[in-house]
Amino acid sequence: MSNKPVIVIGAGIVGASTALWLQRFGHEVILIDKGAPGMGASYGNAGLIAQWGFMPVTTPGLWRKLPGYLLNPNSPLFMKWGYFPKLIPWLTRFLSHATDAETRRIVGALLPLVGDAVSDHKALVQGTGLEQWIADSKLGYAYTSRKAFDADGYGWAMKRAAGFAPTVLTGAEVREEEPILGEDFQCLAVLEGQGHVLHPGQYVAALVDHVTDRGGRFVQAEVKGFQREQGRITRVETDQGNFDCHAAVVTSGIWSKEMMRMLGLKVQLETERGYHVLFENPSELPRNPMMISTGAFGVTPMSDGLRCAGTVELGDHHAGPSDGPIKLIRREAKRAFPRLSYSGTQEWMGFRPSTPDSLPLIGQIGDSGIYTGFGHQHLGLTAGPRTGQLLAQMIGGSAPNLDLAPYDPTRYLR
Ligand SMILES: Cc1cc2nc3c(=O)[nH]c(=O)nc-3n(C[C@H](O)[C@H](O)[C@H](O)COP(=O)(O)OP(=O)(O)OC[C@H]3O[C@@H](n4cnc5c(N)ncnc54)[C@H](O)[C@@H]3O)c2cc1C
């Protein structure tokens, strides 16, 4: 093993998990982030360990339905139209995956990353004293009617085939299971044996503290460039100085796009912007996390309140937040929880890093010593620990017991 460290760039859930697994495998680790740990997309997500969340957005025929979604003000899909021309190459490729064959291929490739994610999180925190951040829970998928649930039959058939068979409750049974739900919701599909994180941002920060307590380094600095000798990484340049390394891992979420550009590579990565509204001191809480189908957001009881997080807004990661998604979340939350009162609310926007085929880039770029761990779209919190373990295995020279071809980091690089 080299006596130089491995540098991990980006202290979100993927970077924190990678750093911890690298350290467990005996590597010296430097984790670099331009901000505080856990403040990127990993901060404000819905906190769902979405073992069941492997259906890509690109379900068959999406290209036919997309214009309708975008023109419907009640749809949870939004577009920053000013960015549309720049999005066209990514969007064209994204929509090319909206076929039955591609959906099945993507589901097959996502399952090994997310299908056992509650155990993956538990393995990550084992012996760290951070076990309390992971909650065992059920997941309820709330629909207005049994008909609306049946209309989602394609996705549920795939979930069933993967071992995620719901108990479908209707009418009064819905409120016996979740008394908080309003009468507009007459169907609840419940999955047992799931889990969630009680505060994703604080969880990631605690993971990073654990790494530094055990001798790893966290450096708050902005990465500005890379030095290579004979094609191999030797040094990472930052605004706080340069750091020698024998390998570097890019786990910078949406900003991995800029990181690849510094390496002279262009990657097809765009953001599906998402939003949350946190209801502080809520008068009631759901018993378990839920997905609210009418707003495409997750609802999770968290340590600081009731968080409703989701929606998709296609756009860029430099523009500020829009009103539409927040209004939709507020409106649909009121419909789902008509009796809810609270002392105040917080709003947040974050950037899901998404590839056209909904699969992350995990692996080494050629023989450069530069590894990628980004592009986890809606599933980064879920798949972060498994991704970190895979990367640590690869960097340590052991072959993971998994077909890594679908995550080939060079497939979108030019
Ligand atoms: C509304 C919403 C709800 C979601 N809900 C869920 C959910 O319930 N379950 C789930 O699994 N996923 C969910 N996701 C997706 C999940 O949040 C992301 O996939 C995940 O957080 C991505 O993690 P990451 O570590 O790749 O990136 P990030 O958390 O974004 O971390 C990247 C880090 O890189 C750092 N960085 C960037 N540039 C530089 C630089 N030049 N130098 C140094 N550091 C740099 C940033 O500061 C940042 O800390 C949701 C996302 C959103 C937006």
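This is a predicted model: local features need pLDDT of at least 70, side-chain atom pairs count only at pLDDT 80 or more; totals for chains, interfaces and linings use all residues.
1. Methionine 291 has glycine 298 of strand 15 as its bridge partner.

2. On its other link, strand 15 connects to strand 16 by a hairpin of two residues. That pairing is antiparallel too, with six bridges, and valine 299 sits opposite cysteine 308 of strand 16.

3. How many residues of strand 15 (residues 297-302) are buried? Six of the six, so the strand is largely enclosed by the rest of the structure. Both faces are covered, with Phe297, Val299 and Pro301 buried on one side and Gly298, Thr300 and Met302 buried on the other.

4. Then there's the open sheet of three strands, order 9-10-11, paired antiparallel. Strand 9 (223-229) and strand 11 (241-244) are the edges; each has a single partner strand, so one side of each lacks a neighbour in the sheet. Neighbouring strands here are turned by 25 degrees against each other on average, ignoring direction. Strands 9 and 10 (residues 232-238) share six bridges, and phenylalanine 226 faces valine 236 of strand 10.

5. Finally, the ligand: 42 residues surround it, the closest being Gly12, Gly40, Gly253, Gly274 and Gly380. Elements giving two or more residues to this shell include helix 1 (13-24), strand 16 (305-315) and helix 13 (380-395). By class, the shell has 18 nonpolar, 20 polar and four charged residues.

Methods:
Residues are numbered from 1 along each chain as its sequence is written. A residue is near a molecule or strand if its C-beta atom, placed from the backbone, lies within 6 Å of it. Helices (H or I, at least four residues) and strands (E, at least two) are DSSP runs, numbered from the N terminus. Ala, Val, Leu, Ile, Met, Phe, Trp, Tyr, Cys and Pro count as nonpolar, Asp, Glu, Lys and Arg as charged, and the others, Gly among them, as polar. Two strands pair if DSSP finds at least two bridges between them. Axes are lines fitted to C-alpha atoms, for helices over the stretch in contact, and angles run from 0 to 180 degrees between N-to-C directions. A residue is buried if 20 or more other C-beta atoms lie within 10 Å of its own, exposed if 12 or fewer, and partly exposed in between; C-beta atoms are placed from the backbone.
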